[in-house]
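Morning, everyone. Please have the sequence and the model open while I talk.

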Amino acid sequence: MSNILTVLETEFIYVFYYFKIQLFQIAGYWALGILIGSAVSVFAKEKIHSAVKLISEEKYGVFGIIPASLLGIASPLCLYGTIPLAYSFSEYGIQEDFLAAFMMSSILLNPQLIIYSTALGAKALLIRIISAFLCGIVAGLLVRYCFKKKSFFNFSGFSEMHNHDTDPSIFKRFFKNVYRNIRATGPMFLLGIFLSALFQRYVPQEGFAALFGGDGKFGVLMAATIGVPLYACGGGTIPLLQQWLGNGMSMGSAAAFMITGPATKITNLGALKIVLGIRNFIIYLAFVMLFSVATGLIVNVI
């Protein structure tokens, strides 16, 4: 019995050691992401949303998809905030291709996740931003040219999201938003670090590099596939990605994971199915998988 306890204690010390190192490495990025995400949400959200309406009013044509995708990245809302917002945009008469670009890039990335992702290095951050931007553009183009005569979205049942940032004091609104972000992302962030510590302790580096490393197509496909069930939240996956990249994961495999992960996040899929309907929902999933694999393969070649 004492031998078992000694082994368990030793393993706990090892895991805690890896946990502590990982926490110190990326906690600052998480905290900065919280602050910047809350600042955008409180001080710039209305300006971003007004800019989306302006795109439609200015009649940019197909080129309006480009700023719509950029504004989706700049929007601090999660999917459950983006869908009611997109509903309100549709009520203003904004084109569905613009909505598709805005929603797709918004699902993949936001200001808070951009800051989190700086922990992965400049190359991974740049790939994440560019791939989210291009994914929004491609989604918008597909909706524009493949669904000309029929609606792609069905927003019945959704209405404008309740605004939590209503306190008369702008500073109180900011700190309340920070608290909500910490409460929403903190547990998954710590869980991600814990999983990363377990991974570092028990998964052989050589085997992982053989599976996800190099320029192989199989590694990209595997990374895209595990992004579907494994992704919980952006902050929680950053420690895992950091450890995986350090253990030999190719940048293309990481790029594929960073697309399928947030795009097929379990908590989002139910809402997407309602908004899209079963047929368009299947099209959405197929598009995400194809785009993520293609992106991963291109990144590995480059």
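In which crossing, left-handed or right-handed, does α6 pass α11? α6 passes α11 in a right-handed crossing. As for the term, a crossing is left-handed if the near helix is turned anticlockwise from the far one by less than a right angle, and right-handed if clockwise.

First, the ground rules. This is a predicted model, where local features need pLDDT of at least 70 and side-chain atom pairs count only at pLDDT 80 or more, while totals for chains, interfaces and linings use all residues. Residues are numbered from 1 along each chain as its sequence is written, and side-chain values use heavy atoms, with hydrogens and water left out.

Now the overall picture. The protein has 12 helices and 0 strands; these are DSSP runs numbered from the N terminus, with helices being H or I of at least four residues and strands E of at least two. Of its 302 residues, 50% count as buried. Buried means under 20% relative accessible area, exposed means over 50%, and partly exposed is in between, with a 1.4 Å probe and protein chains only. Among contacts with a separation of 6 or more, 84% join residues 24 or more positions apart; contact means heavy atoms within 4.5 Å.

Back to the helices. Two packed helices are described by the angle between their axes and the distance between the axes. Axes are lines fitted to C-alpha atoms, for helices over the stretch in contact, and angles run from 0 to 180 degrees between N-to-C directions. Angles under 35 degrees count as roughly parallel, over 145 as roughly antiparallel, 65 to 115 as roughly perpendicular and the rest as oblique.

The axes of α6 and α11, residues 251-263, come within 10 Å and cross at roughly 45°, so the pair is oblique. On the α6 side the contact is made by K123, A124, I127, R128 and S131, and on the α11 side by M251, A255, M258, I259 and P262. By class that is 7 nonpolar, 1 polar and 2 charged residues. Here Ala, Val, Leu, Ile, Met, Phe, Trp, Tyr, Cys and Pro count as nonpolar, Asp, Glu, Lys and Arg as charged, and the others, Gly among them, as polar.

α6 also packs against α2, at about 135° with axes 9 Å apart, which makes α2 oblique to α6. The residues of α2 in this contact include I65 and S69, and the contact divides into 9 nonpolar, 3 polar and 1 charged.

α2, residues 65-74, has another partner in α4, residues 96-108: their axes come within 7 Å and cross at roughly 30°. These two are therefore roughly parallel. I65 and S69 are among the α2 residues in this contact too.

Is V143 buried or exposed? V143 counts as buried because its relative accessibility is 7%. Beyond neighbours within four places in sequence, V143 is in contact with E96, D97, A100, K148 and F152. By contrast, G28 in α1, residues 2-57, is partly exposed at 46%.

Last, the core. A nonpolar core is a set of buried Ala, Val, Leu, Ile, Met, Phe, Trp, Tyr and Cys residues joined through side-chain atoms within 4.5 Å. The largest one has 58 residues, of which M104, F153, L241 and Y284 touch the most other members. Outside four places in sequence, Y284 is in contact with M104, I107, A263, L272 and L276.
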